[in-house]
Amino acid sequence: MASAAEQLAANLNFSAFGKATELKQRILFTLGVLVIYRLGTYIPMPGIDPNALAQMMSQSTGGILDMFNMLAGGAVGRMAIFALNIMPYISASIIMQLMTTVSPTLEQLKKEGEQGRKQINQYTRYGTVALAAVQAFGIAIGLENSGNVVVDPGFFFRISTVITLTGGTVLLMWLGEQITARGIGNGISLIIFTGIVAEFPRALVQAFEMARTGAMSGFTLFALLAMLCLVVVVIVFMERAQRRLLVQYPKRQVGNKMFGGETSHLPLKINSAGVIPPIFASSLLLMPATIASFNAQSAPGWLTDITALVAHGKPLYMLLYAAGIIFFCFFYTAIIINPTDTADNLKKYGGFIPGIRPGKRTAEYIDYVLTRLTVLGAIYLTGVCLLPEFMIANYGVQLFALGGTSLLIIVSVTMDTVAQIQSHLLAHQYEGLIKKAKLRGARR
């Protein structure tokens, strides 16, 4: 069966794609939803002076707003209705995953199968609305304190901002779920991917413009492009790398027939945490710079000193950034992968790792392997994300869209989407083979 699947995969071509009508419909639906998302990033929310906003954004270069603006496809810089993007949903999802490990009720819901997952998803949606409302209110207060950005500050502006930005996040959450259900790929990831890709050409043009005007040397530009290619290659290799633990299932006799005796694999990725660690680490570190930019005139001296110490390219920033990535790698991996639950599931279905006793010993062995894989994953993520920071420190290149985090998201989402397209094509070819077999049987 494996050789047949490999042969089908090798024969995938554009002719097979042309015959896969359902796949084309899914791709067109996904593209249509992403076009709607991009249009929404250009619809400004009411009560904002665009000229004053542009001036404020130019003063906050290098802060958390720049990073969120990159993830939101420029919506933050235009203060559009999708300025919050899908980040409240991601935060709510992480909080719910954390809660399932500490709350017995939620943990029981997680084990109830599809019905339990639907209930947890519903709680995640409620948490998204709450987080989006709080963040939108904070943005409204920050805009009012940032000078003359708001045309008519007051209670009405704050309420309209909360309603507009929260509604934009909820709409994006719904669009992402529609892509996952009726399109191709993971909808939430594709929305973030689209925002970054939309900013990528602008960042490249900015880099070439800096080289043309002399702000950046030609060698630096070449080194930047070479670094991008190197980082992409490393990301592809490391994201595909995994440790496969051999799992065996014993033979069982049912009546006069023997069942089981098969071998399988338990795949453990080197980078189980994905892109969450660098996003969270950079968000925490860039918070002082963002607060100082909102209150540039009345910021206390200690806040200004902290902002200067943890600015982009500074040694302290890079040290804390690396420490934050490593911490969140272990923290998030511990949340999403539970060795005890994995060992219990293997034991429940009769599977075991050769040489390891089922139950507690299996859980300890999985935890042992996972810990060492996470060390490699943390080193890999730290290297990918710190390489652009060295460019900033040495050459003053402040281009978030060309950073390690954005490249990590672009490559990871692209690989996942291509894998799903290949799966649909394989399923379509299998259906074609089954239909041909039935026709041949009917003719005989």
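Residues are numbered from 1 along each chain as its sequence is written, and side-chain values use heavy atoms, with hydrogens and water left out. In this predicted model, local features need pLDDT of at least 70 and side-chain atom pairs count only at pLDDT 80 or more, whereas totals for chains, interfaces and linings use all residues.

**Figure 1. Overview of the chain, with 17 helices and four strands.** Helices (H or I, at least four residues) and strands (E, at least two) are DSSP runs, numbered from the N terminus. Of the 444 residues, 44% count as buried; buried means under 20% relative accessible area, exposed over 50%, and partly exposed in between (1.4 Å probe, protein chains only). Among contacts (heavy atoms within 4.5 Å) with a separation of 6 or more, 75% come from residues 24 or more positions apart.

**Figure 2. The crossing of helices α6 and α14.** Helix α6 spans residues 87-102 and helix α14 residues 315-336; the two pack at an angle of about 65° with their axes 9 Å apart. Axes are lines fitted to C-alpha atoms, for helices over the stretch in contact, and angles run from 0 to 180 degrees between N-to-C directions. From α6, the contact is made by Ile-94, Gln-97, Leu-98 and Thr-101, and from α14 by Phe-331, Tyr-332, Ile-335 and Ile-336. These residues divide into six nonpolar, two polar and no charged; Ala, Val, Leu, Ile, Met, Phe, Trp, Tyr, Cys and Pro count as nonpolar, Asp, Glu, Lys and Arg as charged, and the others, Gly among them, as polar.

Figure 3. A polar atom of the Thr-164 side chain lies 2.7 Å from the backbone oxygen of Ser-160. Not counting residues up to four places away in sequence, Thr-164 touches Met-45, Pro-46 and Ile-81.

**Figure 4. Trp-174, also in helix α9.** Trp-174 is partly exposed, with a relative accessible area of 47%. Its C-alpha atom is separated by 9.3 Å from that of Gly-187, 13 residues apart along the chain.

**Figure 5. Thr-362 in helix α16.** Helix α16 comprises residues 360-395. Thr-362 counts as buried because its relative accessible area is 3%. Leaving aside neighbours within four places in sequence, Thr-362 is in contact with Ala-343, Leu-346, Ile-353, Ile-356 and Arg-357.

Notes: Polar contact = N/O pair within 3.5 Å; in protein donor to acceptor, adjacent residues only side chain to side chain. Left-handed = near helix turned anticlockwise from the far one by under 90°.
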